[in-house]
Structure formats: structure tokens, C-alpha cells
Amino acid sequence: IRFGHRRHPKAAQFSGNNRLEIAWTVIPTLIVLVMFFKGYEGFRFMRDIPDDAMVVDVVARRWFWTFHYPDEDVFSDRLYVPINQAVRFNLTTPDDEVVHSFYVPDFRVKEDCVPGRTNHMWFKPEREGTYNIFCAEYCGRDHSKMITVMEVVSPEAFRAWLDKQIAEKNKPVDL
């Protein structure tokens, strides 16, 4: 009503307020930059894998996980890791597969397994126990069955499990 065409038959030209325009450009830009660098700290932390980390190759297949301990050449369908030891995961899936996502909710870590590509992830378990591992990416019909467990055990129990796996793998064949 105040600026209606009856009171002002000829339209008036209003110029902008430069201070206000600069303020509503600069303040949100600064907020976004602070949020970016805060998020990047967490991203960089997850990408700086310790040199002494134990390596486990994780292969996602339709609809199960395979864990390979390359130093001992041991395979397992359950993940066993020692407590207080950094563990590096090399995550992959075969070229003829779909995208899977390795997700351990109790440790708040998740990384995609992309066909033909190796992604990396690490964490250091600080409490013993049994933890669920899920696929967090819908991967087809039996996606809901793609569940396994991670056993975090003492270093002695881990070594005993590993020695048992090596002995089982190298067991002589009875004819």
C-alpha cells in the first residue's frame, strides 16, 4: 500500500545498501569456511594411517565379507583384531560387483568398497568385545543378510587365533 502505483505512479529506483550486501556475503562465507576446515580435520585424521598399523584386506562380495591377513596369508569370514593396535583396512570389491559399504557402527567408521578400486580406512579398537559389521549401501536382494562380526581380543588371544588359522591352513592332507 505504501509504495503502490496510486501514490507513486512513476516507479522509483532504489539503490542497494553496500554495507548490508557485503555483510550478508562475507559472514556466511566465513561460517562455511570454518565448517569446512573443522570437517577437514576429521577427514585428514582418518586418512593419516599410522605406519605401525596392522593390515587387513577386506573384500566385499554379494552378500558376504572376506578378511585377509596378508602378512600371514590367512583368510576369515569374521574379523579378528587385537586391542590397542591400529588396524589399516584395504577395502575392495571385484570388478563385476556392486558398491558395498563397510560399516562398524560401534566405532563410528564407514567406507565404501568400490568395484576395481581400493579404499583405505583405519581405527584403533580400545575395548574388547564383539561388534557388528554391516553393509551400509543397498547392494541387492540379500543386502540385509550381509552382516558379520568383529572380535576385538587381547594380543595373546589374537596371536593364538592366528596361529590356529595358520596351523589349519598348513595341515597335512590325509590320503
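**Salt bridges up close**

Modeller: Happy to! Arg141, Asp142 and Lys145 are linked in a network of salt bridges, a salt bridge being a side-chain nitrogen of Lys or Arg within 4 Å of a carboxyl oxygen of Asp or Glu. Before going on, please note that this is a predicted model, where local features need pLDDT of at least 70 and side-chain atom pairs count only at pLDDT 80 or more, while totals for chains, interfaces and linings use all residues. Residues are numbered from 1 along each chain as its sequence is written, and side-chain values use heavy atoms, leaving out hydrogens and water.

Asp142 is buried, at 17% relative accessible area, whereas Lys145 is exposed, at 59% (buried is under 20%, exposed over 50%, partly exposed in between, with a 1.4 Å probe and protein chains only).

Now to Arg62, which forms a salt bridge with Glu97 at 3.6 Å between the closest N and O atoms. Arg62 sits in the loop between β1 (54-61) and β2 (64-69), and Glu97 in the loop between β5 (87-92) and β6 (100-104), so this pair ties together parts 35 residues apart in sequence. The strands here are DSSP runs of E, at least two residues long, numbered from the N terminus. Arg62 is partly exposed at 37%, while Glu97 is buried at 16%.

Lys110 and Asp112 also meet in a salt bridge, 3.9 Å from N to O. Lys110 is partly exposed at 45%, and Asp112 is partly exposed at 26%. Altogether, the count comes to ten salt bridges.

Methods:
Helices (H or I, at least four residues) and strands (E, at least two) are DSSP runs, numbered from the N terminus.
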